Amino acid sequence: MSKPYQDLVTWARVVLDLAYPRNCPVCQTALDEADRGVICRICLGQVKFIEPPFCEQCALPYAGQVTGETFRCGYCHGRFFNFSRAVAAVRAEGVGRAAIHLLKYHGAQYVVPHLAEWLVMAGRRWVDWSAADVIVPVPLYPRKERARGFNQARLLAEALGAAVGKPVLSRAVRRVKDTATQTKLGREERARNLRGAFAVRQVAAVTGQRVVLVDDVFTTGVTLDSCARVLRNAGAADVVALTVARGT
C-alpha cells in the first residue's frame, strides 16, 4: 500500500469516527452490530426515564407516594409559570446527562437520534397532540449558534415534528441578548440574566396557536419560562414545555 493511500485511509477513519464512533462515547466500550445507534446497550439500559408520580407543572419526579393522579411539587407551589405544564423524558443524570453534554459541549451530533427518541417517547406519552398546533425550539444567540455549528433544541424539535406531524417554527423566537452561561447560576440569577433575552420574530405565526416549546434540559425552568412569556405576550393560546431531561 502506497504512503499517500495509507494517509488517505487514516484520515478517512478519523473522519468516520468523528461522524459515527466505533466505541460507545459514554463508556468507551466497543460497539457491536446488535447495538442501536452509538450508545451501547449497557449504557442505554442505565438511562433513568421519568415515570409517575412527577410534578404536573415542572415534571420533577417524586420518589414517594402522592394522593390523587397529579400533584404540584414544593418548587412550583405558589410560583407562576408562563407555560401551562412541562414534560421531560429522562433525569438529567448519568448516561442521560452525559449524552446531552456530548452534544452541547463536544459537538457530538451522532447522539441526536438517541436524545430525539427519548423526547419523542415522552411527547407521545404525555402531550395531547390534538391540542397542539406548532413546535417552537428555544433559540440560541446567533454568535453562539455559529460557534457551536447548530442549535440542539432545533435539531430535537425537527425530529419531534417529523415524528408527530406538526410544523416546526424554528425562527419564531429569536435570542436578542447574548447572555452569560447559566450553568452555575441559581434561579434568581438566571432570571436576571435572561431578562429581555428573547423576542418573537413571527408574531402572526404564533398568535392563537397552541405551542409545544422544546429544549434539551429543564433545570430551573427560567429559560423555558422566558420563552413562554414572549410567546404568550405575542398571542399564543397555550405553551407546553417539552425537554429531553429534567434536572433533579
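## Helix 3

In this predicted model, helix 3 covers residues 94-106. Its 13 residues reach 17 Å from the first C-alpha to the last, close to the 18 Å expected at 1.5 Å a residue. The buried residues of helix 3 include Val95, Gly96, Ala99 and Ile100, as well as Leu102, Leu103 and Lys104. Just after the helix, Gly107 adopts a positive phi of about 65°.

## Helix 9

Helix 9 is formed by residues 222-233.

Just after helix 9, Gly235 has a positive phi of about 105°.

## Strands 1 and 6

Strand 1 (residues 85-91) has 5 buried residues out of 7, so this strand is largely enclosed by the rest of the structure. Strand 1 runs parallel to strand 6 (residues 238-246), and 6 bridges join the two. Within this pairing, Val90 has Ala245 of strand 6 as its bridge partner.

In soluble globular proteins, nonpolar side chains tend to be buried together. Here the largest nonpolar core contains 40 residues, and those with the most contacts inside it are Leu115, Trp118, Trp129 and Leu160. The elements that each give two or more residues to this core include helix 2 (41-44), helix 3, helix 4 (112-126) and helix 6 (152-164), together with strand 1, strand 5 (210-218) and strand 6. Helix 4 gives the most, with 7 residues.

Leaving aside neighbours within four places in sequence, Trp129 is in contact with Gly123, Arg124, Ile135, Leu160, Val164, Lys166, Val212 and Leu242. A second, separate core has 32 residues, among them Cys73, Val200, Val211 and Ala241.

## Cysteines

A search of the whole structure finds 0 disulfides. The closest cysteine sulfur to that of Cys43 belongs to Cys40, at 3.7 Å, which is too far for a bond because a disulfide requires sulfur atoms within 2.5 Å.

Cys43 counts as buried because its relative accessibility is 5%.

Conventions: Residues are numbered from 1 along each chain as its sequence is written. This is a predicted model: local features need pLDDT of at least 70, side-chain atom pairs count only at pLDDT 80 or more; totals for chains, interfaces and linings use all residues. Side-chain values use heavy atoms; hydrogens and water are left out. Helices (H or I, at least four residues) and strands (E, at least two) are DSSP runs, numbered from the N terminus. The expected span of a helix is 1.5 Å times one less than its number of residues. Buried means under 20% relative accessible area, exposed over 50%, partly exposed in between (1.4 Å probe, protein chains only). Two strands pair if DSSP finds at least two bridges between them. A nonpolar core is a set of buried Ala, Val, Leu, Ile, Met, Phe, Trp, Tyr and Cys residues joined through side-chain atoms within 4.5 Å. Contact means heavy atoms within 4.5 Å.
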